[in-house]
Amino acid sequence: MAPSESAQGDTMPSEKDGLDKKVTNGEQKVASMAEHIPGTNGTGKAAKGSEQGQKLADVPKEKELSGKEKKELAKAQKIAKRAAEKQKQQGQPAVDLVAGYKGDLPNDSGKKGPLGPATPAKTQHKKTGSTSAGAQSSLPHRQALSHAAPAVAEPGKENKNVALFDHLYGHPRRTTVAGAGKDVHPAVLALGIQMRNYIVCGSSARCVAMLLVFKRVIESYTTPPRNSLPRHLTILLSSQIDYLVSCRPISISMGNAIRWLKVEISNVDVSTPESQAKSDLCDLIDTYVREKVTVADQVIANKANDKIEDGDVIMTFAKSSIVQQTLVEAFRRGKRFRVIVVDSRPLLEGKNLARALADLGLEVQYSLTHGISHVIRDTTKVFLGAHAMMSTGLYSRVGTALVAMSAKEANVPVIVCCESVKLTERVALDSFVHNEVAPAEELMIQGKTSSPLSNWVDVPNLQLLNLMYDLTPAEYINMVVTEYGIIPPSSVPVIIRLSTNT
């Protein structure tokens, strides 16, 4: 029988006193070793969460610690020390989820709570040259779970988003400059609001305005100390682009121009003087606008004029700057023809085109989309502008597909005028996956407070959808006029390669 067992049995008083002394001596030895161990209670027993400390606590107290037990004791000491340092860095004491008591003990690994065993605490090894634990910033951590009953959420308002286009609804468009970043240039702030309010409208107009604003940003730019112009200027432009996107999503031509500009900035040699680098970038922007937009529109207008003959009735939809330039150039060459402008709400862009052509002396007929079936009977050719041109079809203002399909049904050729900067390798088969949803409030009739839709938000089960673009399949398009020539829609990738290589 072990001495500890005999101490609890029938022993003589003298023998019992001797055994008590041995037990007391053993306790003192273990306690003296445990005083230097964080996470123990000073009697040789580890805290609640340490399995190694609990294992050592079960060792008979009068026994001397073996080499293996000393190693386990040192290991438990190391784990408890790391846990204490980690808890200290987080700035919060250990939390007992059962009793709700906040003590000073570290959150030991293996501790069980009302949610089951906790995950063992992960340790973080220090690397050479790292700062001290006190200087390190505290890492974010999850708070203790509350056992209070969750509050019942109040029923919200009815969701007015159309479910089929729910993936297109993002953050609402910015209406003011409030909350814009401090590094956003004032010219960019003004342009964003102008695009939001359709003062600057149209793919080409927005692209040119954006590049000219970026030119002003570059002219007023100064490279901060210990920074290089190619790297820091690219970051600065990204913040300007983010603001423009918050006002209105960028067009395909704007995206192509942004990628080109970032490549040109990255190609700037770091050894080039800042003034020279800024001057070179501004000259490149002017060249890009001149070649990709100004000269390209002149070339397209000249090529498209060859398709217009005396006596033609030209139908167009909404307002396209390149189509307007084509019609004006044909009229100046002495050709006599009539123009039918088909328009749609809510922007009614065709009004400006019809007014501009009528002021020049052209015979113009204005109609909304519901009159297409009537006016298409007299039409001989259809000229359309483009927001973007893909090999699968034309991506343009919503209503364009209706005009093109009506022309196809009446055997009227459809001609698209499009600059190469609007060409994209993106493939779209419908108008649902990728599109732009404008605010539904724009569908309200301006100036009429008694409109049936004036209080549409309060009408249950009523949703309004204001799409900006639609896709016209390639089979409804006869030809595409670009500055590189007249091509079918299937040859769009070829023009993209030609325009990017030059």
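Me: Which strands form the open antiparallel sheet, and in what order?
Reply: In this predicted model, three strands make up the sheet. Its edges are β9 (388-390) and β12 (469-473), each pairing on one side only. The order is β9-β10-β12.

Me: How many bridges join β10 to β12?
Reply: Strand β10 covers residues 393-397 and runs antiparallel to β12. The number of bridges joining β10 to β12 is five.

Me: What angle does the direction of α13 make with that of β12?
Reply: Helix α13 packs on this three-stranded sheet. It touches β10 and β12. Its direction makes an angle with that of β12 of about 25°.

Me: Which strands are the edges of the sheet of seven strands?
Reply: This open sheet has mixed pairing and the order β7-β6-β5-β8-β11-β13-β14. An edge strand here pairs on one side only. That leaves β7 (363-368) and β14 (485-487).

Me: Which residue in β6 is the bridge partner of M315?
Reply: Strand β5 spans residues 313-317, and β6 spans residues 338-343. They pair in the parallel sense over five bridges. In β6, the partner of M315 is I340.

Me: What angle does α13 make with β8?
Reply: Helix α13 (residues 400-409) packs on the seven-stranded sheet as well. There it touches β5, β8 (381-384) and β11 (414-417). The direction of α13 makes an angle with that of β8 of about 160°.

Key. Residues numbered from 1 in each chain as written. Predicted model: local features only at pLDDT ≥ 70, side-chain atom pairs only at ≥ 80, totals over all residues. Heavy atoms only, no water. Pairing = 2+ DSSP bridges. Helix = DSSP H or I, 4+ residues; strand = E, 2+ residues; numbered from the N terminus. Contact = heavy atoms within 4.5 Å. Axes fitted to C-alpha atoms, helices over the stretch in contact; angles between N-to-C directions.
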